[in-house]
Amino acid sequence: MRAMQIPSDHPLLLSIVDDLAERGWSQQDLFLPAALTRELAAECRKRAADGELAPAGVGRGTAQQVREGIRGDHIQWLEPGQAEPCDQYLALMDSLREALNRSLYLGLEDFECHFALYPAGAFYRKHLDRFRDDDRRSVSAVLYLNDEWQPQEGGQLRMYLADEVERDVLPTGGCLVVFLSGDVPHEVLPATRERLSLTGWFRRRGDEPF
Ligand code: OGA
Ligand code: MN
């Protein structure tokens, strides 16, 4: 078991917090050591080969539907204790959660994430990561798991920022993109090859029912 506990005041995490405070999004091209990125990619491919990834739905709970005209990725949610590289990533995200709570007072309570595999040609149309009936998702974090991605291969994450600025990010392995879930509309453009990622959300406490 490798110890890779990153303290919540690590400069990398603090720069993500600063970016979010200033402009609502952050891109870290080298967030993970290459070895951990490779292990996470291998874990995603293994789960796909074992048939564990399922077509992703749109919407929440019983209203959820598979609609490939909106999103065409296949996903599997991560649970703690399944695989060491996944647990390392979850530990890192927990440090980021602490950093966000300490500086931005977001009251983030947990982090949920899933592997996502977009087959060649699949896309996810422009959307916000916040459900109409559940606004607990506050901060989105997408980690990419692909070797040597070329711009002509497509598959960009396109973020629609303030002042009609669009920002495209290539899904290159080890790159992490973090943004405010309720503020940044975004889409995934179709690619000419399979596209792997680990996509997650920090959630704040829900309202207590009376
Ligand atoms: C999502 C999403 C972006 C990406 O799963 O909600 O927008 O780049 N993913 O994979
Ligand atoms: Mn999204």
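Q: Let's start with the metal: which residues coordinate the manganese ion (ligand 2)?

A: Happy to start there. To read a metal site, look for the N, O and S atoms within 2.8 Å of the metal. In this predicted model, the manganese ion (ligand 2) is held by NE2 of His 127, OD of Asp 129 and NE2 of His 186, at 2.1 Å. Water is not among the atoms, so the site may look incomplete.

Q: How are the donor residues of the manganese ion spaced in sequence?

A: The spacing is written as a pattern, with x standing for the residues in between. Here the pattern reads H-x1-D-x56-H.

Q: Are His 127 and Asp 129 buried or exposed?

A: A residue counts as buried when its relative accessible area is under 20%. His 127 is buried because its value is 15%. Asp 129 is buried too, with a relative accessibility of 7%.

Q: Good. Which residues surround ligand 1?

A: Here you look for residues with a heavy atom within 4 Å of the molecule. The metal donors His 127, Asp 129 and His 186 turn up again in this list.

Q: Which side chains have a polar atom close to an oxygen atom of ligand 1, and at what distance?

A: For polar contacts, check pairs of N or O atoms within 3.5 Å. Among them, a side-chain N or O atom of Tyr 144 is 2.5 Å from a ligand 1 oxygen. For His 186 the distance is 2.9 Å, and for a polar side-chain atom of Asp 129 it is 3.2 Å.

Q: Now the pockets. What is the volume of the largest pocket, and what lines it?

A: Begin with the volume, then go to the lining. The largest pocket has about 870 Å³ and 41 lining residues, with Gly 59, Arg 71, Tyr 124, Phe 131 and Arg 137 nearest its centre. Strands S3, S4, S5, S6, S10 and S11 each give two or more residues to this lining, and S11 gives the most, with 5.

Note on methods. Residues numbered from 1 in each chain as written. Chains lettered and ligands numbered in written order. Predicted model: local features only at pLDDT ≥ 70, side-chain atom pairs only at ≥ 80, totals over all residues. Heavy atoms only, no water. 1 Å grid on protein atoms, 1.4 Å probe; cavity = no way out; pocket = protein on both sides within 12 Å on 5 of 7 lines; lining within 4 Å. Points joined across faces, edges and corners; volume = space filled by probe spheres on them. Helix = DSSP H or I, 4+ residues; strand = E, 2+ residues; numbered from the N terminus. Donors = N, O, S within 2.8 Å, 3.2 Å for Na, K, Ca; no water. Buried < 20%, exposed > 50% of the residue type's maximum accessible area, 1.4 Å probe, protein only. Polar contact = N/O pair within 3.5 Å; in protein donor to acceptor, adjacent residues only side chain to side chain.
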